[in-house]
Structure formats: structure tokens, C-alpha cells
Amino acid sequence: MKLVGKYIDKRNGSGHVTLRPEDDEDIWHLYNLVQQDDLVKAPAVRRVQNVSATGSTESHRVKLDLKIQVSKVEYSSSGGGQPSSDQTSQGSNSTPNVQSTATLHISGKVVSENQYVRLGAFHTLDIEINRDIRVEKSEGWDSIALSRVEESCVPGRGAEVGAVVCGEGSAAFCLLSQHLTLVTHRISTSIPRKASASGSSQYEKAMSKFYSMVYDAFLRHIPFGNPSLRAIVFASPGWVRESVYTWMTNEASRRGDKLLARSLREKTLKVHVSSPHVHSLMEVLKSPEIVAQLKETKFAREGIVLDKFFKMLASDEMRAWYGPDHVCLAADRGAVGTLLISDELFRSSDPKTRKKFVSLVEGVQRKGGEVVIFSSMHESGQQLNQLTGIAAILTFPLDVEVVEAEEREAAEEAEKNKQEESEGKVG
């Protein structure tokens, strides 16, 4: 993401930020930045109708900048969702071209005068790569939104892990960046059994064809030559990962593709997983090989922290709390050592709900606690969302039932004091 312009009033947080998205991850950042009632200005194409003196009408498209008050934000990330069994081969020494597939649609009423669009008309802005977008916050820029802007504009980002999760006849090609797990392509083809000699021959032919399809898809969908790509992972149950890797290295040597051969040799990690599906990436991120190589990356940190929480929940449940109400109670007592919170909670359409979670994060940080904001586009974030989207590892044990009883007693005491004060005023 490129920061084109920024003005934030330090007194009340009001102001605007102009950004230029450069890849899919930037589109995801914008989805997390833009909230209901924000003011957004971006390029748009509008169909305009003109009526001539004779009464005939003609329509044409006009490019213009529109400013709208946001009422709805829709995000879609899909490029490799449909399985494919037919690949087109590429030549040697090719470099992959991973195209943008994420889309962001922002709808709302037009709030600025325009020659072609009347004030108050509804319009949907289609946010595109390399097109500037200006965002003005209706409630001011809070710490979470500002940190999101700063994080998105760090140079040198991009996919850090390319993964091929495969089984016999199936493969999913994934790119993992700081905030995004993108399935760029899928392959699915039938493999016959090798129950007899003739069946074995058919099996070997089918597997050879499958390996060739994986090779060609890898060239197109994994940016193996990018310096930012730190690891290439082949994951599978059984022996398939070894066979795919061996076939690819041999084929790269046969074709004279030195860049691919070197990348496979220097970056490859082979990991065992329980199933050939994308959700097995959680197992990949928890494997010792990946942890050792990618321990500084955000998505690896998410997986480690979530695994620590589940282990704590199993061994000492009084130090592992989840759910908004319970976590807030623990935070009020200064007991939160690590806060796990999903970015989905900050996308609430209710400003009060967002402010509640922003205040919670800031409070935990002020008391010296660690805050890990999970991306709901990673498998770890999706698992946290299934657990209400928020959890905490406590620095000391607390009994939920005791804390809730104390809260009820405090509320009853406050209500009693309030009644006594009101009765005293009446008397």
C-alpha cells in the first residue's frame, strides 16, 4: 500500500487518509479500514443519459471522482476456488504471474456536488489496484485504524510462504502473507487403483499426468522467484509430498529452469499433515520446521499463540478465558497477559461495539499485556472466530463463577446505594 496523503488532527482524531492499494492484501486492509458512515472518495464510472432536442436519448459512460457516505462494504477473495484438471504448459525459466483476485465494493449516498450525479443518489465504488482512495472517519481515527494504516504501508511486504497441499490427484496452491491466506488455484483429477498389473500401469500414467499438472500450475501460481517468499511448503498425508517434490526437481533440471531448481533447493520444506485440504495449513504453521524458519512472521505468531491458548484451556482453564464479557472482566482485574482478538470484531457496524474493543485493546496494552490481532483470512483467525472471536491467556488464575458473583454483588450494592440516595433526597 502506498500512503499518498494523510492529515489527522491529534486533538480529536478527525481527518483523512489517501491510500493507493497495490495488491490483494491492500484490498483486505481497506476492507478492515472502511466503516459504515465513513466518507470515501474514489474513481468511478457512471452511465449518463442525455436527452436531445428531438426527444431521443443516448447514454455513455463518464469517469469521475465520487464521494459517498458509506452504508455497505463488501469484500470477496477468490481466484482459485474452482478445481481445474486442464493446464497449459509454460516454457522454462518462466516467472509466475499471480494476478489480483480480491474485490472490494463500497456503497452509499453521494455527498458531494457533481455535474453528472445528483446529491443523495446511491452509488457503488469498485475499488481497484493502483487507484487512489481517500477515507475520512466519521468517528475519528482510533488507534486500531491508524496502526492498520501504518502496517499496510510497510515496504517490502508480499507473500512469505507458498504452499502446495496435496493428495493423490488433488492439490491446492496457497499464498500466505501477513494478513491473507489466498488459495490461488486447485487441481482435482481421478486416479485409478493399482490392484493389478494393468491397473498399476494406468495408475502410474495418471500420477505422471497429475505431477505434470502440478508442475505447470506451480509455475503460474507460486511466485517462487520473489525475494519476499521465504519458504515453499509441500504438505500431504502419506508419501505424495515427497513424490511431487522429486518430480518437480527432476523436471526443472530436465527443462533447464535454474531459477525454479534453486528456489526448490533453498526454500522447500516438506511437512506431514492429516488431510489434503486447505484447513491443514494450521498443522503446517505449527510444525517445528515452519516455526523455526518463520517465527517472526505475523501468521506464524498467530498459530503459536492460539495453540498456547488451547493447551492452557486443557491444562489450566482458570487461566484461559474466552467470550467478550468474560475477557472484559479479566481485563478489568488486570489479569490479561495475552489478548487474542479477531479483526472481524473491529468491523462491527455499531460504533459503540468497535469502541468497546478498541478500549479493551488499549487497556491491555497500557497494563503491559500482549495483544495479538488475528486475521480472519487465516485459518487461525477462523478458528478464533468460532470461539467468539476473542480470548485471553491470564497471568494468574481466576474463577469465572467467583468473578461473576463479585460483579453481581457490586451491581446490587450500587443499586442499593442509588436507591438510598434517591430516598434521602425525597425525605
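**Helix and sheet packing in the model**

Q: Which residues in H2 meet H10, and which ones in H10 do they meet?
A: Ser143, Ile144 and Ala145 in H2 meet Arg354, Val358, Val361 and Glu362 in H10. This is a predicted model.

Q: What classes of residue make up that contact?
A: The contact of H2 with H10 has four nonpolar residues, one polar residue and two charged residues.

Q: At what angle do H2 and H10 pack, and how far apart are their axes?
A: Helix H2, residues 143–152, and helix H10, residues 351–366, pack at an angle of about 75 degrees, and their axes are 9 Å apart. That angle makes H2 roughly perpendicular to H10.

Q: Stepping back, how many helices and strands are there in the protein chain?
A: The protein chain has twelve helices and 17 strands.

Q: And what share of the residues is buried?
A: Of the 427 residues in the protein chain, 45% are buried. The chain exposes about 21,500 Å², with carbon and sulfur atoms supplying 47% of that area.

Q: What about contacts between residues at least 24 apart in sequence?
A: Taking the contacts between residues at least 6 apart in sequence, 73% join residues at least 24 apart.

Q: On to the sheets. What is the order of the strands in the open sheet of seven?
A: The order is S1-S2-S8-S3-S4-S6-S7, and the pairing is antiparallel. Strand S1 (2–8) and strand S7 (122–127) are the edge strands, each pairing on one side only. On average, neighbouring strands of this sheet are turned by 35 degrees against each other, direction ignored.

Q: How many bridges join S3 to S4?
A: Strand S3, residues 39–51, is joined to S4 by 13 bridges, and the two run antiparallel. Within this pair, valine 48 stands opposite histidine 60 in S4.

Q: How many join S4 to S6?
A: Nine bridges join S4 to S6, again antiparallel. Here serine 76 stands opposite threonine 103 in S6.

Q: And S6 to S7?
A: Six bridges join strand S6, residues 102–110, to S7, and these strands also run antiparallel. Histidine 105 stands opposite aspartate 126 in S7.

Q: Which strands does helix H1 lie across?
A: Helix H1, residues 24–33, lies across strand S2 (15–20), strand S4 (57–77), S6, S7 and strand S8 (133–136). H1 runs at about 35 degrees to S6.

Q: What is the order in the open sheet of four strands?
A: The four strands are ordered S14-S17-S15-S16, with mixed pairing. S14 and S16 stand at the edges with a single partner strand each, so one side of each is left without a neighbour in the sheet. The twist averages 15 degrees from one strand to the next.

Q: Do S15 and S16 run parallel or antiparallel?
A: They run parallel, joined by five bridges. Serine 342 stands opposite phenylalanine 374 in S16. H10 packs on this sheet, touching S15, S16 and S17, and the direction of H10 makes about 150 degrees with that of S15.

Q: Where is tyrosine 322?
A: Tyrosine 322 lies in strand S14, residues 320–322. With a relative accessibility of 37%, tyrosine 322 counts as partly exposed.

Q: What is tyrosine 322 in contact with?
A: Leaving aside neighbours within four places in sequence, tyrosine 322 is in contact with Phe309, Leu313, Val327, Leu387, Thr388, Ile390 and Ala391. The C-alpha atoms of tyrosine 322 and alanine 392 are separated by 6.1 Å, although these residues are 70 apart along the chain.

Q: Which residues in H11 are buried?
A: In helix H11, residues 379–386, the buried residues are Glu379, Ser380, Gly381 and Leu384. Their cover includes helix H6 (281–286), helix H8 (298–315), strand S15 (336–342), strand S16 (370–374) and strand S17 (390–394). Just after H11, threonine 388 takes a positive phi of about 80 degrees.

Q: And serine 375, buried or exposed?
A: Serine 375 counts as buried, at 1% relative accessibility. Serine 375 is found in the loop between S16 and H11.

Q: What does serine 375 touch?
A: Not counting residues up to four places away in sequence, serine 375 touches Trp28, His179, Leu180, Lys298, Glu302, Asp343 and Gly381. Gly381 is one of the buried residues of H11.

How values were computed
Residues are numbered from 1 along each chain as its sequence is written. This is a predicted model: local features need pLDDT of at least 70, side-chain atom pairs count only at pLDDT 80 or more; totals for chains, interfaces and linings use all residues. Side-chain values use heavy atoms; hydrogens and water are left out. Buried means under 20% relative accessible area, exposed over 50%, partly exposed in between (1.4 Å probe, protein chains only). Contact means heavy atoms within 4.5 Å. Accessible areas come from the Shrake-Rupley method with a 1.4 Å probe; for residues, only the protein chains shown count as cover. Two strands pair if DSSP finds at least two bridges between them. Axes are lines fitted to C-alpha atoms, for helices over the stretch in contact, and angles run from 0 to 180 degrees between N-to-C directions. Angles under 35 degrees count as roughly parallel, over 145 as roughly antiparallel, 65 to 115 as roughly perpendicular and the rest as oblique. Ala, Val, Leu, Ile, Met, Phe, Trp, Tyr, Cys and Pro count as nonpolar, Asp, Glu, Lys and Arg as charged, and the others, Gly among them, as polar.
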